[in-house]
Amino acid sequence: MKLGLRGVGEVNCDAQGFSLDDAAIAGAVETSVELGMAWTLHCSEPVGHDYPGKGSTTPDRVARFAERYPALRLIGAHLGGGLPLYGHMPEVAQLCRRMWFDTAAGPFLYEPSVYRAVVDLCGPEHLLFGSDFPLLNAARYAGAFETAGLSDSERRLVMGDAAAALLAV
């Protein structure tokens, strides 16, 4: 923490060879909660095209993990594999409002309208800019956020203010 460490991740179960259902993970979660460190999970959507890196940490698994560890500040990379899009279900909406979701690789997966949907379902303070640089640059996202109709204040939150608040920077 003295060196600026603010979180754990990107935790990629498939690439790192473990399961979110493994009981051995509890100790790492408890330590992270005690230290106030957020986790970022590599997430994948269960439908759509195949691509390198598409994995098995799908919204159902992410939701079960988040429910099991409610005190863990949890970021679902790649829009949580689409988890916030299930936010029309009250129990999922409640879960998503205590999580965060990054935009990394979003243009490879979704239309820009997805950002408006996530902001409307979860709140702009729960959407975090992530680019997957060098695959994509920030300008591509800025255009998508504008196309999605995010306001200036929503874009400021997404582009850094929400992450700064989450990570207490």
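Val 8 stands opposite Trp 39 in strand E2. This is a predicted model, in which local features need pLDDT of at least 70, side-chain atom pairs count only at pLDDT 80 or more, and totals for chains, interfaces and linings use all residues. Residues are numbered from 1 along each chain as its sequence is written, and side-chain values use heavy atoms, with hydrogens and water left out.

**The sheet**

- Strands (E, at least two residues) and helices (H or I, at least four) are DSSP runs, numbered from the N terminus.
- Two strands pair if DSSP finds at least two bridges between them.
- Strand E1 (residues 7-11) and E2 run parallel, joined by 4 bridges.
- Gly 9 has Thr 40 in E2 as its bridge partner.
- E2 and strand E3 (residues 74-76) also run parallel, with 3 bridges.
- Thr 40 stands opposite Ile 75 in E3.
- From E2 the chain crosses through helix H3 (residues 59-68) to E3, a right-handed β-α-β crossover.
- Right-handed means that, with the strands pointing away from the viewer, the path from the first strand over the helix to the second runs clockwise.
- The open sheet has 5 strands in the order E1-E2-E3-E4-E5, with parallel pairing.
- E1 and strand E5 (127-128) are the edge strands, each pairing on one side only.

**Two covered faces**

- In a regular strand the side chains alternate between the two faces of the sheet.
- Strand E2 (residues 38-41) is covered on both faces: Ala 38 and Thr 40 are buried on one side, Trp 39 and Leu 41 on the other.
- Buried means under 20% relative accessible area (1.4 Å probe, protein chains only).

**Aromatic rings**

- The whole structure holds 5 aromatic pairs.
- One of them is Tyr 141 with Phe 145, a tilted pair at 6.3 Å centre to centre and 45° between the planes.
- Rings of Phe, Tyr and Trp (its six-membered ring) pair if their centres lie within 6.5 Å; planes under 30 degrees apart count as stacked, over 60 as edge-to-face and the rest as tilted.
- Tyr 141 and Phe 145 are about one helical turn apart, because they lie 4 residues apart in helix H8 (residues 138-147).
- Tyr 141 and Phe 145 are both buried.
- One aromatic cluster is formed by Tyr 115, Phe 129, Tyr 141 and Phe 145.

Technical notes
Buried < 20%, exposed > 50% of the residue type's maximum accessible area, 1.4 Å probe, protein only.
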